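I opened my notebook for a friendly look at a few residues. Here is what I looked up, one entry at a time.

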Amino acid sequence: MCLSRARFLVIGLVVVCVVKVSGQTGGTSNPTNGRENNPYSKYGIGEFWNGNNTALRGMADVTSAFENPYEVNSDNPASYSFLQRTTFEAGATASSTSVVGSGLQYKTGTATISYLNLGIPVTKNSGLCIGFRPYTRTYYNMADTVFNSPIGNVQNSYNGEGNINYAYAGYAYRYKGLSVGLNLGYMFGNLRNSTSVVPIDTAVINRAFSTDFSNYTRIGGLYWKAGLMYEHKIDSDYTFRVGGTFTLQQNVSERLNSFQISTYNFVDTLLNDTVSNPGELRGRLRLPMSYSIGVMFTKNNKWSLGLDYAATRWSGYNSSPDSSLNINVGTGSYKISLGGEYTPDINNIRNYFSRVTYRAGLYYGTDYLNISNTSIPYYGVTFGGSLPFRRSLSHLHAAFDIGRLGLTTNNLVQETYVRFTLGFSFNDKWFIPRKYE
């Protein structure tokens with residue numbers, strides 16, 4: 001037991017160090033340097049990031065009715081009541097994306113920590129979770145040229161970066177087949193969105209101002225999510241579950257600092273002048289109501305098959321101090337997922353691959369953005385598996401997500417992406433009272 005705890009502590013410290021290093025990564029990117037550059041993250045509060053564990057990603061995120069006594073389903077907090085072992089999970093995602101359309105064609109990519117979870121069974125019918133998951137990410141660098149403006153031909157550059165994260169604690173209680181759970185946490189992050197106007201005509205370049213408009217937005221506030229799950233044992237082998245989650249419209253605090261800086265080229269010397277800085281503006285970022293519902297049919301320790309539907313009413317979204325975050329946000333989004341998992345023979349100790357769990361899934365939906373009066377669709381396939389450690393309930397998990405986002409019509413761009421997530425889960429009897437051992 002001491003060796004196991006020491007191993008857990010070392011791995012936990014390594015993950016924390018990786019998170020700190022990842023959080024220090026900064027700078028700007030362009031379509032040719034191979035770093036992350038997602039044009040759609042320019043709008044709203046950025047690109048939503050998947051914070052589910054690797055096992056769920058391999059089966060298209062059918063989370064509403066999924067529970068596993070040795071895995072943490074943080075997307076539906078009602079699942080915590082089914083935990084039977086203390087479970088620590090962590091995962092990281094690497095992605096590669098090809099972007100085409102609107103005169104663009106390039107490849108970009110990124111790698112980042114995806115989730116951290118610690119699930120603890122409190123009693124036989126209740127459990128809690130402490131976790132961290134990214135919420136949205138912003139990272140883009142684009143440019144276009146405007147001809148015959150009042151100061152001649154100019155180049156407009158658009159770039160931004162930042163992220164919003166969610167740290168939370170959740171609890172669930174189960175009475176007979178019905179489980180109720182709640183995640184309550186703190187949402188926080190910073191976003192920077194900048195537009196630069198630079199003259200490019202030789203005749204005026206030395207006597208015209210270059211101007212930079214930048215918004216720095218800081219977000220922070222409490223955020224909650226509730227979940228329900230009902231499990232019905234059909235017989236000793238088969239189980240049917242139905243589950244769902246919901247959040248009401250919620251407000252988090254928002255602080256905006258705006259700057260307009262002009263640069264003038266005077267005798268080979270660049271002079272900077274802050275033209276406008278109205279000071280910090282405070283307001284509210286109103287996040288919309290969302291919900292999900294799903295069903296899952298399982299055969300004990302053999303296979304599971306689930307279907308999910310999730311939707312968000314973006315008509316309720318609004319940023320009061322930073323109006324730029326309201327641009328091109330649509331009225332609603334949805335996602336339909338179908339996925340499952342299969343384990344040939346979990347009790348076959350002689351054949352290792354019989355105890356491997358294999359997963360696959362499909363999904364389709366529309367993003368929360370609406371650009372040029374056009375909804376942004378996305379779809380993809382997922383697959384993956386879990387490799388068990390010998391003489392242990394712990395696993396190494398892997399998942400692939402291959403999909404497409406966007407269209408090439410109406411001056412939009414289309415992204416084809418491949419995302420690979422690698423994670424692990426360690427299980428032990430820590431914090432469990434002896435009477436439940």
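Which residues is A111 in contact with, leaving aside its neighbours within four places in sequence? I found T93 and A94, taking contact as heavy atoms within 4.5 Å.

Before going on, I noted that this is a predicted model, where local features need pLDDT of at least 70, side-chain atom pairs count only at pLDDT 80 or more, and totals for chains, interfaces and linings use all residues. Residues are numbered from 1 along each chain as its sequence is written, and side-chain values use heavy atoms, with hydrogens and water left out.

**Entry on A111.** I placed A111 in strand 3, residues 104-123 (strands are DSSP runs of E, at least two residues, and helices are runs of H or I, at least four, numbered from the N terminus). A111 counts as exposed because its relative accessibility is 55% (exposed is over 50%, buried under 20%, partly exposed in between, with a 1.4 Å probe and protein chains only). Its C-alpha atom is 4.1 Å from that of A94, 17 residues away along the chain.

**Entry on E89.** I found E89 in strand 2, residues 86-101. E89 is buried, because its relative accessibility is 2%. Beyond four places in sequence, its contacts include E71, Y115 and F424.

**Entry on S64.** I traced S64 to the loop between helix 2 (54-57) and strand 2. With a relative accessible area of 1%, S64 is buried. A polar contact of 2.9 Å links its side chain to that of D308.

Definitions and conventions
Polar contact = N/O pair within 3.5 Å; in protein donor to acceptor, adjacent residues only side chain to side chain.
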